[in-house]
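Thank you all for coming; I would like to walk you through one protein model this morning. Please have a look at the sequence and the structure first, and then we can go through a few places together.

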Amino acid sequence: DDPNASDTNPGTVDLPLKTLSRAAELAVAGTCVAVRAGTYSETLRPANSGTGGGAMITFRAYPGDGCQGALGQPKTPGSCNVILDGANSIDTAIDAYPRSYVRFEGLEIRNYTGDAVYLKGYYDPGTEGVQIVNNYLHHNGGDALSLRGEGERNALIENNEIYANGTTAISVGDGSGHVIRGNNIHYNGKDGVRGGG
C-alpha cells in the first residue's frame with residue numbers, strides 16, 4: 001500500500017518494491033527481504049538459493065508486522081499483518097523448489113487451492129536447509145507444508161500454527177536431519193505430521 005512502491009525501485013525502506021515476485025527474483029545468498037504489512041495475492045518463487053554458514057535468503061515480515069505467539073501455541077489474533085492470500089484461485093503461496101537455504105518467517109498464508117508451501121515433490125531431487133518459522137497457515141486446499149520424497153535434508157519447521165487445511169499439515173519424505181518442533185496443528189483434513197516416501 002506504500003504509494004512509493006514500484007518493482008523498478010531498488011527495494012530500500014524509502015523506495016520499496018511492490019511485489020513479492022520481484023523481491024524473489026532479486027534476492028541472492030545473504031539477502032533478507034523484509035515484507036511490509038499488507039495482503040499479497042501471488043506466489044512467492046525464489047529465483048536463487050542461499051548457502052549454508054549464515055548466507056541464507058530470508059523472507060520475513062517487517063519488524064512489528066509478523067505473527068506473534070508462544071512456541072506451540074496459537075498465533076495471537078490480529079498479529080499477522082503480512083498476509084499471502086490466494087483468494088481461492090491461486091494454487092500455491094510459496095513454491096521454493098528446488099531452492100536450498102531459504103527461510104520464510106512471520107507470514108499468514110491462507111486461501112490457496114493447492115499446497116500452501118511447496119518445498120519438494122515425491123520424485124524431485126533433494127533440497128537442503130529450508131526453514132519455515134513462526135507462520136500461520138490456514139484454510140488452504142492441499143497440504144500446508146509439502147516436503148515429500150527423498151534426499152531432502154535439514155529442514156526446520158518451527159512455531160507455526162497450521163489449521164483447517166484440506167489435507168496434511170506437514171508432509172515429509174525420506175530425508176534426514178529435519179527438525180519439526182513447537183507447531184500448533186489442529187483441524188486439518190488428514191494427518192498432522194506424515195512421514196515416509
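Pro98 sits in the loop that runs between strand S5 (94-95) and strand S6 (102-105), where strands are DSSP runs of E with at least two residues, helices are DSSP runs of H or I with at least four residues, and both are numbered from the N terminus. The peptide bond that joins Tyr97 and Pro98 is cis, with omega at about 5°. Before I go on, please keep in mind that this is a predicted model, in which local features need pLDDT of at least 70 and side-chain atom pairs count only at pLDDT 80 or more, while totals for chains, interfaces and linings use all residues. Residues are numbered from 1 along each chain as its sequence is written, and side-chain values use heavy atoms, with hydrogens and water left out.

Which residues does Thr127 contact, once its neighbours within four places in sequence are left aside? Both Tyr97 and Pro98 are among them, and so are Arg99, Ser100, Leu119, Leu147, Gly151, Glu152 and Arg153, where contact means heavy atoms within 4.5 Å. Thr127 itself belongs to the loop between strand S8 (117-120) and strand S9 (131-133), and it counts as buried because its relative accessibility is 3%; here buried means under 20% relative accessible area, exposed means over 50%, and partly exposed lies in between, with a 1.4 Å probe and protein chains only. For Gly151, which is 24 residues away from Thr127 along the chain, the C-alpha atoms of the two are separated by 7.1 Å.

Let me turn to two backbone angles. Asn154, in the loop between strand S11 (145-147) and strand S12 (156-158), has a positive phi near 60° although it is a residue other than glycine, and with a relative accessible area of 38% Asn154 is partly exposed. Ala164, which is not a glycine either, has a positive phi of about 60°; its place is the loop between strand S13 (161-163) and strand S14 (170-172), and at 19% relative accessibility Ala164 counts as buried.

Finally, the whole protein. There are one helix and 17 strands, and 49% of the 197 residues count as buried. Among contacts with a separation of 6 or more, 64% are between residues 24 or more positions apart. The C-alpha trace spans about 45 × 35 × 30 Å along its principal axes.
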